Amino acid sequence: MDRFRDANRAKWDELVQPHLTSGFYSVDALRAGNRRLDPIVDRELGDVAGLSVLHLQCHFGLDTLTLAQRGATVTGLDFSGEAIQAARALAQETGLAATFVEGDLYAAPDLISGSFDLVFVSWGTICWLPDLPSWARVAAHFLKPGGRLYFADCHPMAYVWDEGQGACDPTRGRFQTKYPYFHDPAPIELDDPDDYGSGHKTANTRTYEWAHPVSEIVTAVAAAGLVFEFLHEHPAITWALLPGLVKQDEDLHTWPVGTDPILPLSLSFQARKPA
């Protein structure tokens, strides 16, 4: 597992600087004090003013600091040293109070003290994790009684499609699969220089991901002692996951008109720790 984690971390270390200057991440909006969360999260998360928030797998802290601008007391965790350095610099630049911790997610209970009103996990997270039950236990560990875990990410079904040009033609009901749906302890090995968030071509092209079906996600969270309040499936996602998707607005991509059937692209839920 160290080999897989080190390869993934090298990729994410390299992506920090391109993402800081990419329009995809709208860092300038944070600097101006008016950055929004994506519409799915914004609609579901609610008011965070006065809440203590732990953001797991926070990348360079953009959403973490957006929550701070909304009045939350925030802590962000990420395994990329480059990302955490950038997050701390961005917090200092914007004058936003935030704590950023570098470290492996599974080691978080040894790195961060205290408990939180909200554990926040969003977009492109659990595909990098081999052990989902342990992830759910980490999230539950940090919640105060009555606290909630909020999660939004790519729908596991949407990860199976072939993202190659022409592989899927949704308006004709053509969907070609490439990746597994069910979890396997052996990772999916990818070799790709492209970056979803910028035009940067990476030198670190090899990464490793794991599939986690909906049943595994739900079972892991429930087994960690959390009680689901909602689970939503959405026909939209925050990035151009497939070439056939169209921009619904400035923040979401969805299926083109005429797609049949309409299939889920993202998944969100909220689960609460019993008081």
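His 55 is a residue of strand E1, where strands (E, at least two residues) and helices (H or I, at least four) are DSSP runs numbered from the N terminus. This is a predicted model, in which local features need pLDDT of at least 70, side-chain atom pairs count only at pLDDT 80 or more, and totals for chains, interfaces and linings use all residues. Residues are numbered from 1 along each chain as its sequence is written, and side-chain values use heavy atoms, leaving out hydrogens and water.

User: Why is His 55 called buried?

Analyst: Buried means under 20% relative accessible area, exposed means over 50%, and partly exposed is in between (1.4 Å probe, protein chains only). His 55 has 3%, so the residue is buried.

User: What makes the link between His 55 and Thr 64 a polar contact?

Analyst: The term asks for a pair of N or O atoms within 3.5 Å; within protein, one must be able to donate a hydrogen and the other to accept it, and residues adjacent in sequence count only if both atoms are side-chain atoms. The side chains of His 55 and Thr 64 are joined at 2.7 Å, so the pair qualifies. Contact in general means heavy atoms within 4.5 Å, and beyond four places in sequence His 55 also touches Phe 120 and Ser 122, among others.

User: What makes Ser 26 stand out, and why is it called partly exposed?

Analyst: Most residues other than glycine have a negative phi. Ser 26 is not a glycine, yet has a positive phi of about 50 degrees. Ser 26 sits in the loop between H1 and H2, and its relative accessible area is 28%, so it is partly exposed.

User: How do you know that Gln 57 counts as buried?

Analyst: Its relative accessibility is 18%, so Gln 57 falls under the cut-off of 20%. Gln 57 lies in the loop between strand E1 (52-56) and H4, and its phi is also positive, near 55 degrees.
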